Amino acid sequence: FSDMELMKSEPPRGYNAPIEVKDGRYFYSDRTFTIGQQPLSNQDINALRDAMMVLAQFKGLPMVESLDNLLKKLDGWIRYPDAHAIRFESNELTVGVEWLPVLYNAIVHRQSLSVQYFPFVAEEPYAFVFHPYHLREYRNRWFVFGFNASANAIHNLALDRIQSVQESTLPFRPNDLFDQEDYFKDLVGVTKPEGVAPVEITFRAKALQAKYLQTKPLHASQKMLEETELGVVFSLRVIPNYELVSELIRFGGALEVLSPVGVTEFVQQVQRGEVP
């Protein structure tokens, strides 16, 4: 009796089963009813719509398109709530977005690729076989990480610098080199200079900027060391790269890098436009 009462209760606890009793016999009033084929409730549909309103801002991602098609199958009259209720920062995917589906599918299905790539530092594009492992977005740009067979190393490619992508006939190289948790733990951004180890970096920020940095650290390793009349001194342990320096110099004169010397010189180079 308790089981039948549970089945008659509303989802998600029960199944809203149309159980009736007559002459001591229990039966479904709707003979076609089965708990194995439950339709989505209005609450479920509304929750999916709310999620799609958010995901719709990331047009170009293959999984978003799949979800949109799924919802249209569920009901052919998808209408989202007010799109102005929530808005993410500048997620207008333009250049390079066309490569997201093919790269995503290659990662999922373990497919090697022949890539034509044109980096900023090169005079012309070049081709190589690439084994993709991971897609990541940083500062409204997308990057794919994987094994570059020509260089015999893990590389990251900016999607907006990719010229063409085709499936390669070479077997996919299993990912035994790239662990995303380990790869990014000492990084700000996506660039990992080869052969560079993490270093302890100290910097001083004026009082107002220090409050901002305390609530929004530059990296998980950031610590506050001391507070003086000149400002608050912080430290963090990361691999120095261009993204880190960009984060530091955007505070202008309100932030000063104290040590080590190599990083202070790096900052000065970037400020002068002499990007290493």
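In which strand does tyrosine 26 lie? The legends below start with this residue; the model is predicted.

**View 1. Tyrosine 26 and a nonpolar surface patch.** Tyrosine 26 is part of strand β2, which covers residues 25-28.

**View 2. The cis peptide bond between serine 259 and proline 260.** Most peptide bonds are trans. The bond that joins serine 259 to proline 260 is cis, with an omega of about -5°. Proline 260 sits in the loop that runs between β11 (255-259) and α8 (261-271).

**View 3. Asparagine 140, a residue with positive phi.** Most residues other than glycine have a negative phi. Asparagine 140 is not a glycine, yet its phi is positive, near 65°. The loop between β4 (126-138) and β5 (141-148) holds asparagine 140. Its relative accessible area is 33%, so asparagine 140 is partly exposed.

**View 4. Asparagine 152, with a phi of about 55°.** Here too the residue is not a glycine, and the phi of asparagine 152 is positive. Asparagine 152 is located in the loop between β5 and β6, the latter spanning residues 153-158. Is asparagine 152 buried or exposed? Asparagine 152 counts as exposed because its relative accessibility is 59%, and the cut-off for exposed is over 50%.

Technical notes:
Residues numbered from 1 in each chain as written. Predicted model: local features only at pLDDT ≥ 70, side-chain atom pairs only at ≥ 80, totals over all residues. Heavy atoms only, no water. Helix = DSSP H or I, 4+ residues; strand = E, 2+ residues; numbered from the N terminus. Buried < 20%, exposed > 50% of the residue type's maximum accessible area, 1.4 Å probe, protein only. Patch = residues over 30% accessible without salt bridge, like charges linked within 9 Å, V, L, I, M, F, W, Y side chains within 5 Å. Areas by Shrake-Rupley, 256 points an atom, 1.4 Å probe, with all protein chains shown as cover. Salt bridge = Lys/Arg side-chain N within 4 Å of Asp/Glu carboxyl O.
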